[in-house]
Amino acid sequence: MEFYEKIGVTRIINASETYTKLGGSLMSETTLEAMREAAGAFVDMDCLLDQVCARAAEITGNEAAFVTTGASGGVILSAAACMVEGSMSGASEEVLLECFPDASAFEKNEFLVFDGEFLESVPYWKLLKLTGGKVVPVKPVLDGIREAVTGRTAAFVLFPSPLYERGIPTCEEAIPVLKELSVPVIVDASAQLPPPSNLSYYSRKLGADAVIFSGGKHIRGPQSTGLIVGRKNLMSLCRKLASPHERLGRGFKTGKEELAGFLAALEEFVLTPREDVFNRQQALLDIIQSYIEANVSKEISIKRQDMGRLGTYQPLLLLSLPEGKTAGECNKYTRSLQKPVDIGTYTKEFRMPENLIFLNAYNLKGEEEAYLVARAVTEYIELN
Ligand SMILES: *Cc1c(COP(=O)(O)O)cnc(C)c1O
């Protein structure tokens, strides 16, 4: 912990989410040990990447997988792979792989995304443009898909979650239509964990061609890792674009330490009984709830739910602050404490009341932090 003090950066207690801006999640001892071990030797990186990707496919129950730098790297690489795969009638694969970011070399260089308010709530579609390709918004109804697909369509990109899919077709509705039209489907499911079964749900059950997850969010791998799972040929194209080649993916190079850490975290994520993780979170939320209920004199209401902010399977504590108080002000206060606490606030697209906060215990280290969270929130509520 000395590092953060030495460099003059304050530690934050994370009672909100696996937000990248806070550092995502914390790696387990097993994961850290795997990274330390990997750091102690040289290996053939080509061989390591092949083995790690094969193992990731096996663990997640997919045909193939590719490990890269964050879900963002995954979005860019899988999009690029779709451009290459779709454009092979005009040029050879070898030539196409070298062309990025010149999209004019590709017969298929457009990405379709549903239009609507969700484009603002999930800005990650902008990453698609880094391939050189163009993003085309589609009328957010099933018929809109048929009208929008052209000879230039490289892939349709979907973002699951009850928030992003509000008012637009869901993955379950859109993917069958896209399959029928033989349009490649990319699903950015970065934060759609748990349950771990989602690691194969969109690809195996729904038939998406490439599905992307963040390694540094719920999986608790290194922050700089991400996973693509899906069809073998697309994963193999991602691999060909990646390091050690001097191509688009060279900018998303994973080191041996990250590869080892990601795999250890993925194994742990899949093998740890979900009830254990869920119950641990519940127990910490119980502590927080009891403390607040015992120490707050003002009128508040607390609710618990078994669903995370984006519809994932994890417990949340929802607290309505007293009249006149807002979630934004609450977080400003708790973040200003000597031991700063980040509490959950809903952004406007959730259309939640201004005085509603959420608390998520996934990133809390233990009971001591739970009490610090409870005290911070209580103090804010009691302020006049
Ligand atoms: C977090 C997130 C990303 C980016 O993930 P990184 O691992 O930080 O690159 C992309 N898409 C969605 C939907 C996300 O939630």
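Which residues in helix 3 meet which residues in helix 11? Met45, Leu48, Leu49, Val52, Arg55, Ala56, Ile59 and Thr60 in helix 3 meet Lys256, Leu259, Leu263, Leu266, Glu267 and Val270 in helix 11, where contact means heavy atoms within 4.5 Å. By class, this contact has ten nonpolar, one polar and three charged residues; Ala, Val, Leu, Ile, Met, Phe, Trp, Tyr, Cys and Pro count as nonpolar, Asp, Glu, Lys and Arg as charged, and the others, Gly among them, as polar.

This is a predicted model: local features need pLDDT of at least 70, side-chain atom pairs count only at pLDDT 80 or more, and totals for chains, interfaces and linings use all residues. Residues are numbered from 1 along each chain as its sequence is written, and side-chain values use heavy atoms, with hydrogens and water left out.

Back to the helix pair. Helices are DSSP runs of H or I with at least four residues, strands are E runs with at least two, and both are numbered from the N terminus.

Now the backbone. The peptide bond from Leu193 to Pro194 is cis, with omega near -10°, and the one from Pro194 to Pro195 is cis, with omega near 10°. Pro195 lies in the loop between strand 6 and helix 9.
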